[in-house]
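Please open the structure in your viewer and keep the selection panel at hand.

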Amino acid sequence: MSKKEKRNVIVGQSGGPTAAINSSLAGVFRTAIDRGYKKVYGMIHGVQGLMEGRYTDLSEHIRTGLDAELLKRTPSAYLGSCRYKLPDIHEDQEVYKKIFQILDDLEIDCFIYIGGNDSMDTIKKLSDYAILTGSAVRFVGCPKTIDNDLALTDHTPGYGSAAKYIGTSVKEIIRDGWSLETKNGQVIIVEVMGRNAGWLTGAAALAKGEDCDGPDAIYLPELSFDIPKFMEKCRQLLKKKASVVIAVSEGIKTPDGKYVSELGNATDYVDAFGHKQLTGTARYLCDVVAKEIGCKTRSIELSTLQRAASHSASRVDILEAYEVGGAAMKAADEGDSGKMVVIQRLSDDPYQAGTEVKDVHKIANDERMVPRDWITKDGTYVTSEFITYVRPLIQGDVAPIMVDGIPRHLFVPGFQEQL
Ligand code: F6P
């Protein structure tokens, strides 16, 4: 019996961007072409754009090997991203009918979605709907998030590069703070992303080495944050040193469950998944320190810089992101659906890892936290186990392709206007 002819693939990017998400896109594209698919479409702004009929033929963007190399080095979601929550399949099927009609019109066999826990909710719902209606389209998730909070995977592409940037920046901030002597000393608070998980904030400890003592304290969102105790810690540290550097997660909460960011002049913005925008934590704490201790303060919110810093990306991360994209495409090609690719660590030193596929229903909407025993007893630092875990993920560089002294990104004239 002759095998059914392969038709087309569609791939989308969803959620917060990273420095590695486009490497996964390049991996999906290459594997789809190598496996004999005719066209690889890209959703413009994820499933939300797809519903409005916005997609593009990726072969018009990745025309040469150089384009693929540039894409791997281009931060942010090349195709545009979205945070869109599909309705429950039993409550509202209109949206699903629309999406499946578009997939039908484009003759899609495989749908790959590169994203985090909220985006895996999309893969879960679409694959469930396919089963319900007997559709043959396969839906596979490709993990991505700087937050590193996806269940069942050792880590997520995007995390290693962000962790490398955070460790490096905190080291440079410590160095800068040390240079000028300030009356009464100074407290510098660095705010790190990661929402409710402290994987990224813990990476501040990577600054520590033979030439640097590392940050003076690190506060993860896994433990409640007591402001009076924090103030006492600052006072004690200032007795010993002139410049104190502290890393805090954007998601730290007071014992009564309120985000510290909400205590200041934070915004009220909430996304489609009900997540509040977390910003202003360091600013708020600096204001309290300045008021109560009276020393100089500086708040540094690493903000989008930590997820867009492709100029200092980790080689391990960019290569893994590419492989994971390829593995997602391979899984869908071989008949998997309702699954996500996970990374399995085989050893720390030498670092070795492989991929597997796992049921997306066990991953979607879940958040994987830093284990309690990877945080010190007093809750103000991470342990050596944490460092052993993260260190292999930040290794190596991917040299940017420099043009006129600035890294070159993949840009196709006209495409960005379409967005
Ligand atoms: O989910 C990734 C992430 O970078 C979180 O760490 C952060 O809280 C959130 O996205 C910020 O999203 P936005 O840039 O849309 O405010």
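In what order do the strands of the open sheet lie, and what is the pairing? Select the 7 strands, which form an open sheet in the order 3-2-1-4-5-10-11 with mixed pairing; strands are DSSP runs (E, at least two residues), helices are runs of H or I of at least four residues, and both are numbered from the N terminus, while two strands pair if DSSP finds at least two bridges between them. Strand 3 (55-57) and strand 11 (351-359) stand at the edges with a single partner strand each, so one side of each has no neighbour in the sheet. From one strand to the next the twist averages 25°, with axes fitted as lines to C-alpha atoms (for helices over the stretch in contact) and angles running from 0 to 180 degrees between N-to-C directions.

This is a predicted model, in which local features need pLDDT of at least 70 and side-chain atom pairs count only at pLDDT 80 or more, whereas totals for chains, interfaces and linings use all residues. Residues are numbered from 1 along each chain as its sequence is written, and side-chain values use heavy atoms, with hydrogens and water left out.

Next select strand 5 (residues 138-143) and strand 10 (residues 339-348), which run parallel and are joined by 2 bridges; here Gly141 stands opposite Met340 in strand 10.

Finally, select the ligand, whose surroundings include Arg83, Asp147 and Gly194 (a residue is near if one of its heavy atoms lies within 4 Å). A polar side-chain atom of Asp147 lies 2.6 Å from an oxygen atom of the ligand.

Conventions: A polar contact is a pair of N or O atoms within 3.5 Å; within protein, one must be able to donate a hydrogen and the other to accept it, and residues adjacent in sequence count only if both atoms are side-chain atoms.
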